[in-house]
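Subject: Structure for your review

Hello,

Here is the structure I said I would pass on. My notes on it follow below.

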Amino acid sequence: MIKVEHLNKSYGKNAVLHDISTTVDRGEVVAIIGPSGSGKSTFLRCLNLLETPTGGSITIDGTVLTDPKTDMGLVRQRIGMVFQHFHLFPHMTVIDNITFAPTRVKGLSKEEARAKGLQLLERVGLAEKADVYPSKLSGGQKQRVAIARSLAMDPDIMLFDEPTSALDPEMVKEVLAVIRDLASSGMTMLIVTHEMKFAREASDTIYFLDAGRLIERADPETFFASPQSERAARFLEQVL
Amino acid sequence: MSRWLKWVVTPLAALILVTGIAGGSGFGGFFASLTGDAGLALAAGESTSDSGKTIIMGTSPDYPPYESVDAKNGGDIIGLDVEIAKAITERLGYTLEISGMDFSGLIAALQTERVDFVMSAMSVTEERKQSIDFSDSYYAARNTIVALKDSGLTTEDALKGKRVGVQLGSTQEEAVMKMEGLGEIKKLDKLPNLILEIKSGRLDAVIVEDAVAAGYTDANPDLSFAMLEPNPEDLGYAIAFPKGSELIPAFNAELQKMKDSGELQTLVDKWFNTKSGVKSTKKGIDFSVLNGYVGYIFKGIFVTLLFTLVSAVFGFIWGGILSLFKISSIAPLRWFATVYTSIFRGTPLLLQLFLIYYGTPQLFNYDISPLMAAGLAFGLNSAAYLSETIRGGIMAVDKGQREAAIALGIPYKTMMISIIFPQAVKNILPALVNECVALVKESSLVSIIGVADLMRRANVVQANTFKAFEALLLVGAIYYVLVLTLTSLAGLLERRMRRSD
């Protein structure tokens, strides 16, 4: 369903992504790993055009994202994104954060959106926090609200950009549990992460990026047991 | 959220409506009498069964007994000039309408034909003749020396080597320029300020015409005046018209008739024997002179507030739009906003106010009301400053907010209005309050085009009472209370906005 062909991205003369081609199937969970500066986040951000590719094409269910005529607003409604630093809207309560886009962009009624929002909060275990402001939440709670906010738009694809990197260690677990739950529900997901254990257990495919290139693409068992490249082997040695 | 937008838009719409009404002639009465020095009040009093030809007279009603605001009774403009004008225009079949404004705005008003003629104890000078025309003279006053009682300055000779003050553009200015051996000559716009200069010892004497001098010495027991020899060359006061006005011969003919019949002299006697000022026995500050004027001054609060609100809301919205231009990816919008800001920040506000008020009727053939012109000028000016402030506020909002909104598929406009702006405004609230406070106080500039705001009313009362400080101190206190109220309201708003922290 996602088809990436010869994707390139550079800032001026500084090339960040080199000729990446891959496909992601419906329901596939991809964990993107690699050393910092390898272009993982940039790759992820290209998938909903938060970064504009400088070459190649991205196609999602037949819609060519890289075509300037494509209405990206519509495409983005179908792609949820969760950020390292949550980016909740600080001037809105938790429930308003969640219902804002469904009511203002999709035209859901307030009641409908609220009912659905509460359901999603239930799902991420924060039903009782509906009417508080984000500043009253812990990092882990914020990230779970951010996930609920993305899910409220009924996306087909979810992108996670280092969702646990900004969290205190004791909060990582609660967020990973939510993502894991989502993965098992059949959502197509791409997750940039440094949590190797999580990547190994929750993903269907591992992408290993280094210096802007997609060096390895394998199922977790194969990748973690016997990485093909010397670069990946060295990386695993350092992080495991 | 959308509530936020409503807060801004609803009052704006209401205000535009209100200023529209105040500016237009539809409602006349109430708003005109509140916002203009007297505005349509006289016209409303006259019967409308006349042929309906309306003629507009411009005057600066701060020079009793020639013209002043009858602030104790309804705020009409009254005085010798007004009665002469009434007599002449009535006979010529016109309905007289009086437009009050600052003396310095009168010639511009004539040139732009906002008024048909001016009677404001205006003396005929060669300089003025370059730009406007005059009728025959209707009165020539005697000049006097006003000085401290025990100064002994009673003759022209005694003034040698002394510091002498005179009102800018008055007949007395010409007289003073011809005096020999004066130490220093100081010219100021306002007579009350010259009187203050004597009291504070910066001037030894001021040359003033007789009727006015009597008013000041009555109200200030520490001053006295002495008559100067009449000047045969003095051309006296005349009615001023736009260059080439066809009204002049008719006015001259009626004026001549009034002189011949003795009617003019009767009017002069009537007004010069009326003590319009106050008799005060106290040498220092005497607030009792404000008796009867307080209500008139208080009405100015409404005008000042209305005006401040119109310009603040307009400036905020337009400034917000400009700030979006400045961060836009479209180069011409950025250029426009940058040039706009540099022009409005780089030229004096007073000049912008003048150009808008006097330029709009000529360029767009639309008779803009003083209040609207002032709201527009201040709004446009304020927007230039606010656009920078708001731009800074927007830039200070975390970039992630934008990305989160984009990732949710929220359109640009919705994102800016509901997500970025509220956060930006919270960041810059203290700066916005500063701008509002500045607007409240700068609003005093509008008195120059005749908006009867607090400052204008203080000037009027100052002129009526011949006392300099009392009215100023009162409006000073009012301004202070207004600003204090404004800042505490802003404090409340800020606390409300911070509840999400």
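**Backbone, interface and helix packing**

Pro65(B) sits in the loop between strand E2 (62-63) and strand E3 (67-69) of chain B. Please keep in mind that this is a predicted model. The peptide bond that joins Pro64(B) to Pro65(B) is cis, and its omega is near 5°.

There is one backbone point to record in chain A as well. Asp19(A) is not a glycine, yet its phi is positive, at about 45°. Asp19(A) belongs to strand E2 (residues 14-24) of chain A.

Next, the interface. On the chain B side 22 residues are in contact, and on the chain A side 26 residues. The area buried between chain B and chain A comes to about 2,100 Å², with carbon and sulfur atoms giving 64% of it.

How many salt bridges does the rule find across the interface of chain B and chain A? It finds 1. The partners are Arg45(A) and Glu403(B), whose closest N and O atoms are 2.6 Å apart. Over all chains, the structure holds 32 salt bridges. The pair between chains runs from helix H1 (residues 40-46) of chain A, which holds Arg45(A), to helix H16 (residues 399-407) of chain B, which holds Glu403(B). As background, side chains of opposite charge can pair when their charged atoms come close.

The rest concerns helix pairs, beginning with chain B. Helix H15 (residues 370-396) of chain B packs on helix H17 (residues 412-442) of chain B at an angle of about 140°, and their axes are 8 Å apart. That angle makes H15(B) oblique to H17(B), since angles over 145 degrees are what count as roughly antiparallel. The crossing of H15(B) past H17(B) is right-handed. On H15(B) the contact includes Phe378(B), Tyr385(B), Leu386(B) and Ile390(B), while on H17(B) Met416(B), Phe421(B), Ile428(B) and Leu432(B) are among the residues involved. By class, the residues of this contact are 14 nonpolar, 4 polar and 2 charged.

H17(B) also packs with helix H19 (residues 469-497) of chain B, at an angle of about 175° and with the axes 10 Å apart. H17(B) and H19(B) are therefore roughly antiparallel to each other. Residues of H17(B) in this contact include Pro422(B), Val425(B), Leu429(B), Val433(B) and Lys441(B), and they meet a set in H19(B) that includes Tyr479(B), Leu482(B), Leu486(B), Leu493(B) and Glu494(B). The contact of H17(B) with H19(B) has 15 nonpolar, 1 polar and 3 charged residues.

In chain A, the pair to look at is helix H5 (residues 139-151) and helix H6 (residues 169-184), whose axes come within 8 Å and cross at roughly 20°. H5(A) is therefore roughly parallel to H6(A), as angles under 35 degrees count that way. H5(A) passes H6(A) with a right-handed crossing. Gly139(A), Gly140(A), Arg144(A) and Ile147(A) are among the H5(A) residues in the contact, and Met171(A), Glu174(A), Val178(A) and Leu182(A) are among those in H6(A). This contact of H5(A) with H6(A) divides into 7 nonpolar, 4 polar and 2 charged residues.

Regards

Technical notes:
Residues numbered from 1 in each chain as written. Chains lettered and ligands numbered in written order. Predicted model: local features only at pLDDT ≥ 70, side-chain atom pairs only at ≥ 80, totals over all residues. Heavy atoms only, no water. Axes fitted to C-alpha atoms, helices over the stretch in contact; angles between N-to-C directions. Helix = DSSP H or I, 4+ residues; strand = E, 2+ residues; numbered from the N terminus. Parallel < 35°, antiparallel > 145°, perpendicular 65-115°, else oblique. Left-handed = near helix turned anticlockwise from the far one by under 90°. Contact = heavy atoms within 4.5 Å. Nonpolar A, V, L, I, M, F, W, Y, C, P; charged D, E, K, R; others polar. Buried area = accessible area lost by both parts, 1.4 Å probe. Salt bridge = Lys/Arg side-chain N within 4 Å of Asp/Glu carboxyl O.
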